[in-house]
Amino acid sequence: MLLYRGAPVGPGAPGSGLARPGGNPQAFGIRLSTMSPRYLQSNSSSHTRPFSAIAELLDNAVDPDVSARTVFIDVEEVKNKSCLTFTDDGCGMTPHKLHRMLSFGFTDKVIKKSQCPIGVFGNGFKSGSMRLGKDALVFTKNGGTLTVGLLSQTYLEYVQAQAVIVPIVPFNQQNNILSGNVG
């Protein structure tokens, strides 16, 4: 078994694992597996009802490592479209944790104060959010770092992506300087 270690360095860049037009996704000359953007839609069908998708997203907020005491669910109007927002007072995520949460099959959840985390497969956020809509924009704050992540079927269709691409932008709250280190 060969494992590739290292964070992607950008869309289409060597070693990124992202398909380039007319090319194959590669890292160090080794062909990599990619996940089709259509997977986001088919994966969301694991929730037969919207309420199970909402429950999935609420479960993330009450996991022991998040420590949220309050969760708000609201409907907001953004550019004449209804958007469902989830807001909690948990500890937030580092850029690395957000990257893992928006990736498939990763979980950093741990038992804390003898409470077991609910999710263990690293799929709940993706399946739940994509059942409720085509796009999920995540804003999180951990310490002095603010991070934004985008999981968007609309974006992937627009750029005609061959693989799932998840833009993540972290920046320092004090000086508003972008941080290029996500992984």
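Asn80 is exposed, with a relative accessible area of 76% (exposed means over 50% relative accessible area, buried under 20% and partly exposed in between, with a 1.4 Å probe and protein chains only). The structure is a predicted model, in which local features need pLDDT of at least 70 and side-chain atom pairs count only at pLDDT 80 or more, while totals for chains, interfaces and linings use all residues. Residues are numbered from 1 along each chain as its sequence is written, and side-chain values use heavy atoms, with hydrogens and water left out.

Asn80 lies in the loop between β3 and β4 (strands are DSSP runs of E with at least two residues, and helices are runs of H or I with at least four, numbered from the N terminus). Although Asn80 is not a glycine, its phi is positive, about 65°. Lys79 is placed in the loop between β3 (71-78) and β4 (81-88) and has a positive phi near 50°. Lys79 is exposed, at a relative accessible area of 77%. Most residues other than glycine have a negative phi.

Strands β5 (residues 135-142) and β6 (residues 145-152) pair in the antiparallel sense over eight bridges; pairing requires that DSSP find at least two bridges between two strands. Asp135 stands opposite Ser152 in β6. Two residues separate the strands of this hairpin, where Gly143 adopts a positive phi near 65°. An antiparallel pairing over five bridges also joins β6 to β7 (residues 168-172), with Thr147 opposite Pro170 in β7.

Lys126 lies over the face of Phe104, 5.8 Å from the ring centre (the criterion is NZ of Lys or CZ of Arg within 6 Å of the ring centre and within 35 degrees of the ring normal).
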